[in-house]
Amino acid sequence: MHNIPYSKQNINQDDINAVIEVLHSPYITQGPAIGQFEESIKEYSGAKYAAALSSGTAALHIALMALKVGKGDIVWTCPISFVASSNCALYVGATIDFVDCNLATGNINIKSLQEKLIKAEGEERLPKAIIIVHFSGRTCDMAEIFRLSEKYGFKVIEDAAHALGASYANGEKVGCNKYADITMFSFHPVKSITTGEGGVLTTNDKEIYEKIALLRTHGITRDEDKMQHKPHGPWYYEQIELGYHYRMTDIQAALGKSQMHRLDDFITKRRAIAESYSTALSGLPITLPEADKNSAWHLYVIHVEAKIRKRVFEYMRGTGIGVNVHYIPIHMQPYYQRLGFKTGQFPNSEKFYEGALSLPIFPTLQENEQEYVAQTLKAAIL
Ligand SMILES: *Cc1c(COP(=O)(O)O)cnc(C)c1O
């Protein structure tokens with residue numbers, strides 16, 4: 001009996017030492033490790049600014065606020081994602097709508113997006129922002145999305161929770177914000193690197209960065225230039241906006257910074273695992289994910305016939321293989337159905353969901369474990 005999760009973190013002694021060092025230091029919340037971690041994210045992604053935050057979800061929330069998206073505005077995303085990708089729009093009082101996915105990748109369908117934009121323009125219901133999810137770590141066609149954003153005047157947030165370490169088709173790193181206003185990464189333990197809980201926003205816009213920095217700490221500033229009144233003394237601070245407590249701790253940032261040294265190695269291993277699955281599983285009556293050397297391979301999602309998915313899932317779980325399903329389309333969630341969304345509204349996403357099965361993939365997944373997963377899957381479907 002094996003016990004193989006679908007994903008898990010990889011913490012080594014260097015990571016542990018980095019955390020212990022902070023625990024012995026005078027600063028465990030807002031110390032030097034946060035800035036150092038942000039530096040490493042900037043250096044890796046090529047973005048000008050990075051702001052570490054308490055989670056990817058918190059990051060999406062204040063990303064929308066920093067872009068001044070609120071009540072009366074419309075936000076679009078794709079139904080094949082974690083609910084956080086759309087909940088953030090509701091947090092700021094905006095209206096959410098979805099664009100169907102590409103059946104082969106689970107990413108936003110560019111043709112559906114183009115058509116929906118034309119229709120929305122006619123109805124004067126264009127979105128103020130679109131949240132682009134790089135599902136499973138495979139990047140969307142950002143050059144085309146950027147072109148559309150210029151044409152229709154919407155802001156772009158990349159939900160790159162799956163895609164730290166991934167590149168676009170032209171080789172540029174996700175997070176550089178060449179095609180987006182803001183990019184979000186998550187550091188939940190199943191993601192490319194971890195800080196326990198945590199997230200970051202990257203941007204190339206100083207004003208957006210400063211807004212994010214303000215919103216993550218209650219809307220409080222100690223910068224005299226931003227104050228309304230003359231400081232009463234050296235202790236003085238002002239709350240100038242309604243912000244949140246969305247800060248990351250120094251303990252977490254130390255872990256994140258140490259993990260960043262290992263990111264490329266993690267991604268190389270994920271890519272090798274995806275390749276060996278694709279070899280081992282070829283010829284079976286299932287649909288494999290397309291090869292992609294730029295993907296971060298956060299997930300390896302196969303599609304089996306819809307009518308056997310539950311049986312295959314239970315069979316594999318019964319042998320200790322932590323298969324999973326990504327995702328139940330967001331518009332099918334009861335909360336979203338109460339907002340008026342209906343099953344049948346985004347047929348590709350529903351079809352993508354029906355047969356989807358995520359196989360275990362993480363850097364320390366051993367070769368014999370990969371073989372065991374492949375053998376068990378064969379036994380389950382044949
Ligand atoms: C994990 C995830 C998030 C949320 O990140 P947290 O750090 O868990 O808040 C958002 N979007 C997607 C696509 C994710 O996978």
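A residue is called buried when its relative accessible area is under 20%, exposed when it is over 50%, and partly exposed in between, with a 1.4 Å probe and only the protein chains counted. The areas themselves come from the Shrake-Rupley method with a 1.4 Å probe, and for residues only the protein chains shown count as cover. The structure is a predicted model, in which local features need pLDDT of at least 70, side-chain atom pairs count only at pLDDT 80 or more, and totals for chains, interfaces and linings use all residues. Residues are numbered from 1 along each chain as its sequence is written, and side-chain values use heavy atoms, with hydrogens and water left out.

The side chain of T57 places an N or O atom 2.5 Å from an oxygen atom of the ligand. For D159, a polar side-chain atom is 2.8 Å from a ligand nitrogen atom. In the side chain of H162, an N or O atom lies 2.8 Å from an oxygen atom of the ligand. The ligand taken alone exposes 380 Å², and the protein buries 92% of that area.

The ligand sits in the largest pocket. Pockets are found on a 1 Å grid over the protein atoms alone: a pocket is an open set of points with protein on both sides within 12 Å along at least five of seven lines, whereas a cavity is a set where a 1.4 Å probe fits but cannot get out, and lining residues have an atom within 4 Å of a point. A molecule sits in one if more than half of its atoms lie within 2 Å of its grid points. Helices (H or I, at least four residues) and strands (E, at least two) are DSSP runs, numbered from the N terminus.

Strand β6 contains S186. Why is S186 classed as buried? Its relative accessible area is 9%, so S186 falls under the 20% limit. S186 and I16 are 170 residues apart in sequence, with their C-alpha atoms 20 Å apart in space. In the loop between β5 (155–159) and β6 lies K178, which is partly exposed at 46% relative accessible area. From K178 to Q9, 169 residues apart along the chain, the C-alpha separation is 29 Å.

Some backbone features lie in loops. S136, in the loop between β4 (129–133) and α6 (142–152), has a positive phi of about 65 degrees although it is not a glycine. S136 is buried, with 6% relative accessible area. H218 also has a positive phi, near 70 degrees, and is not a glycine; its place is the loop between α7 (206–215) and β8 (220–221). H218 is partly exposed, with a relative accessible area of 33%.

The loop between α10 (309–318) and α11 (334–338) contains Y327, and the peptide bond from H326 to Y327 is cis, with omega near -10 degrees. M332 is in the loop between α10 and α11 and is partly exposed, at 25%.

Note on methods: A polar contact is a pair of N or O atoms within 3.5 Å; within protein, one must be able to donate a hydrogen and the other to accept it, and residues adjacent in sequence count only if both atoms are side-chain atoms.
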